[in-house]
Amino acid sequence: MSAQLRPLEVPQTRLVLLGTGTVGSAFVTRYQALQQRQLSLPALHVVANSRIALACDDAPAAALSAARSAQPRAGEPVHRQEVGRLSAGDIVVDATASEDVAADHAHWLGQGIHVVTANKLGNGTALSRARGIDDAASVGNSRYGDAATVGAGLPLLRSIRALVAGGDHVHAIEGVLSGSLAWLFDRFDGSTPFSACVREAAAAGYTEPDPRIDLSGEDVRRKLLILARAAGVALEAEQVQVESLVPAALAALSADEVGAALELLDAPLQARALQARQQGLKLCFVGRLDAQGASVGLRALPADHPLAGGRGTDNRVAIHSDRYCTQPLLIQGPGAGAEVTAAALLDDVLGIVNR
């Protein structure tokens with residue numbers, strides 16, 4: 001009597017969410033909304049942060065809430081324990097800003113585990129790390145979804161990579177790449193102190209809790225590095241000249257002291273605003289890459305400049321290439337916000353599942 005043959009069981013793809021802050025929370029909310037629309041999504045297996053990892057058991061919102069209120073713990077980082085239980089074909093979503101998590105991206109990719117990330121510390125720091133991520137994805141036949149790292153999911157990286165793959169040569173990329181700085185300089189016209197605008201942006205959730213992180217230009221440097229590498233430019237972080245808006249006296253303070261000392265920003269930025277207004281120009285914080293080098297800083301632009309037309313938190317990026325030589329390809333849209341970032345993460349998850 002012959003044995004009955006049974007169909008081969010294909011393991012279900014598991015999804016692990018690292019990060020339970022504003023982006024992680026928005027990810028869970030959107031995940032559940034897409035489930036209700038009956039989109040084909042992998043099971044959200046675990047949500048984790050630096051303190052705890054919790055199984056979702058078909059109740060990701062409850063697991064998220066419990067993880068957010070968990071107490072700190074010692075021992076091996078939780079994210080390594082959880083991802084260590086995954087197999088090739090599973091997906092890690094990095095909704096953190098953690099250096100420790102970003103340092104593991106290449107390792108996971110090399111094991112065949114897909115990585116979807118909003119964390120700029122993967123492709124936006126040392127060139128050696130970015131190359132390691134590319135190499136590991138190739139070895140592991142895995143995918144690295146990084147659309148959420150620049151422009152909160154605007155089709156920037158996808159467009160640049162498509163141009164390069166099609167044989168186009170990118171000559172320059174310039175853009176307003178920080179949603180928080182875009183909002184600040186759209187709001188600031190010199191009639192009110194810049195410090196008041198910063199406090200307003202912080203209250204609205206546009207800046208980091210320590211606004212010096214935004215004002216230092218470091219976030220824009222990382223985004224410019226990611227765009228450059230997508231265009232095939234082997235740019236090192238130290239090759240980007242960065243103009244920080246943070247005076248030395250403000251930079252020297254502890255995080256707890258910053259809020260009361262934001263007025264240190266006012267005098268130098270009031271002078272810049274006055275000079276720009278007298279010349280009929282608009283202040284924009286811009287990252288630029290071209291044949292002469294790479295820079296990040298405050299620029300006074302004419303009203304008809306491609307980057308001067310954004311409003312609110314808009315990112316606005318101009319791509320100059322052989323194909324777009326007379327007039328640049330211009331991409332614009334919201335560049336800040338947990339909801340649009342979470343949507344970009346889930347777009348990459350769906351792209352992996354449906355490929």
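Predicted model: local features only at pLDDT ≥ 70, side-chain atom pairs only at ≥ 80, totals over all residues.
Residues are numbered from 1 along each chain as its sequence is written. Local features need pLDDT of at least 70 and side-chain atom pairs count only at pLDDT 80 or more, whereas totals for chains, interfaces and linings use all residues.

**View 1. Surroundings of Arg 212.** Arg 212 is buried, because its relative accessible area is 12% (buried means under 20%, with a 1.4 Å probe and protein chains only). Its side chain makes a polar contact with the side chain of Asp 210 at 2.8 Å (a pair of N or O atoms within 3.5 Å, one able to donate a hydrogen and the other to accept it; residues adjacent in sequence count only if both atoms are side-chain atoms). Beyond neighbours within four places in sequence, residues in contact with Arg 212 include Val 246, Leu 250 and Val 258 (heavy atoms within 4.5 Å).

**View 2. The largest pocket.** About 1300 Å³ of space lies in this pocket (on a 1 Å grid over the protein atoms alone, an open set of points where a 1.4 Å probe fits, with protein on both sides within 12 Å along at least five of seven lines; lining residues have an atom within 4 Å of a point). Of its 48 lining residues, Val 23, Thr 96, Ala 97, Lys 120 and Glu 208 are the closest to the centre.

**View 3. The second largest pocket.** This pocket holds about 710 Å³ of space. Asn 123, Tyr 144, Asp 146, Leu 157 and Arg 161 are the closest to its centre among 33 lining residues. Domain 1 (14–152 + 339–354) and domain 2 (156–335) both give residues to the lining, so the pocket lies between them.

Key
Heavy atoms only, no water. Buried < 20%, exposed > 50% of the residue type's maximum accessible area, 1.4 Å probe, protein only. Points joined across faces, edges and corners; volume = space filled by probe spheres on them. Domains from an automatic or database assignment.
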